[in-house]
Amino acid sequence: MGKLNEAAERQIREICQRHKDDNTPLMMILSDIQNEYGYIPLEVQEVVSQETGISVAEIYGVVTFYSFFSLTPKGKYVIGCCLGTACYVKGGQQVIDKFSELLHIEPGQTSEDGLFTLDALRCIGACGIAPAVTINGTVYPKVTASQVNEIVAKYLLAEEKLKKEGVPA
Ligand code: FES
């Protein structure tokens, strides 16, 4: 989003107004902003604070507590590795470690080329197919560390193909 321009600021204020009578206005406001822009940087939190009267500290606390919200732009492909109990005992940690090693990013970070974000998730309700990994909504069941290479390669290949076809990323 960079520096907040007038149009973006107006839209943030409109989102705040839209939810002012909701039971949990802050969650609704932040969800809408996250969906609209993909992240919620500090300058946006300041506008939300002005509109709602909620302190920036409190808003920051909410944004950083829930993994759904993000302070920085997410990558084109968001890899969520479940580290809930069932996934953890079946090797979820080794899986996320492998993604981390391969992409040179820690959980919560985005690769320099902006392609991949790696997130550690709590139980996503797919314990029967643990360890589970989601990538932009696609769920990969019973993932092993040795499959990680192949999964990443699939997305890199798709990117290559798009580049060759001249489709902007
Ligand atoms: S613990 Fe991973 S899906 Fe439930």
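**Ground rules.** I'm working on a predicted model, so I kept its limits: local features need pLDDT of at least 70, side-chain atom pairs count only at pLDDT 80 or more, and totals for chains, interfaces and linings use all residues. Residues are numbered from 1 along each chain as its sequence is written. My helices (H or I, at least four residues) and strands (E, at least two) are DSSP runs, numbered from the N terminus.

**Sheet.** I looked up the strand order and got an open sheet of four strands, β2-β1-β3-β4, with mixed pairing. I call two strands paired if DSSP finds at least two bridges between them. β2 and β4 are the edge strands, each pairing on one side only. From one strand to the next, the twist averages 20°. For angles, I use axes that are lines fitted to C-alpha atoms (for helices over the stretch in contact), and the angles run from 0 to 180 degrees between N-to-C directions.

**Strand β1.** With β2 (residues 116-121), β1 pairs in the parallel sense over six bridges. Tyrosine 77 sits opposite phenylalanine 116 of β2, and valine 78 has threonine 117 as its bridge partner there. With β3 (residues 133-135), β1 pairs in the antiparallel sense over three bridges; here glycine 80 stands opposite threonine 134.

I then checked burial, where buried means 20 or more other C-beta atoms within 10 Å of the residue's own, exposed means 12 or fewer, and partly exposed is in between, with C-beta atoms placed from the backbone.

I found α6 lying across β1, β2 and β3, and it runs at about 150° to β1. Contact, for me, means C-beta atoms, placed from the backbone, within 7 Å.

**Helix pair.** I looked up α3 (residues 42-52) against α4 (residues 56-65): they pack at about 125°, axes 9 Å apart. That makes α3 and α4 oblique to each other, therefore; the classes are under 35 degrees roughly parallel, over 145 roughly antiparallel, 65 to 115 roughly perpendicular and the rest oblique. Gln45, Glu46, Val48 and Ser49 of α3 meet Val56, Ile59, Tyr60 and Val63 of α4. I sorted these contact residues into five nonpolar, two polar and one charged. My classes are Ala, Val, Leu, Ile, Met, Phe, Trp, Tyr, Cys and Pro as nonpolar, Asp, Glu, Lys and Arg as charged, and the others, Gly among them, as polar.

The peptide bond from alanine 130 to proline 131 is cis, with omega near -5°, and proline 131 is in the loop between β2 and β3.

Histidine 104 isn't a glycine, yet its phi is positive, near 60°. I placed histidine 104 in the loop between α6 (92-103) and β2, where it counts as exposed because it has 10 C-beta neighbours inside 10 Å.

Asparagine 136, also not a glycine, has a positive phi of about 45°. It lies in the loop between β3 and β4 (138-140), and with 12 C-beta neighbours inside 10 Å I count asparagine 136 as exposed.

Technical notes:
Contact = placed C-beta atoms within 7 Å.
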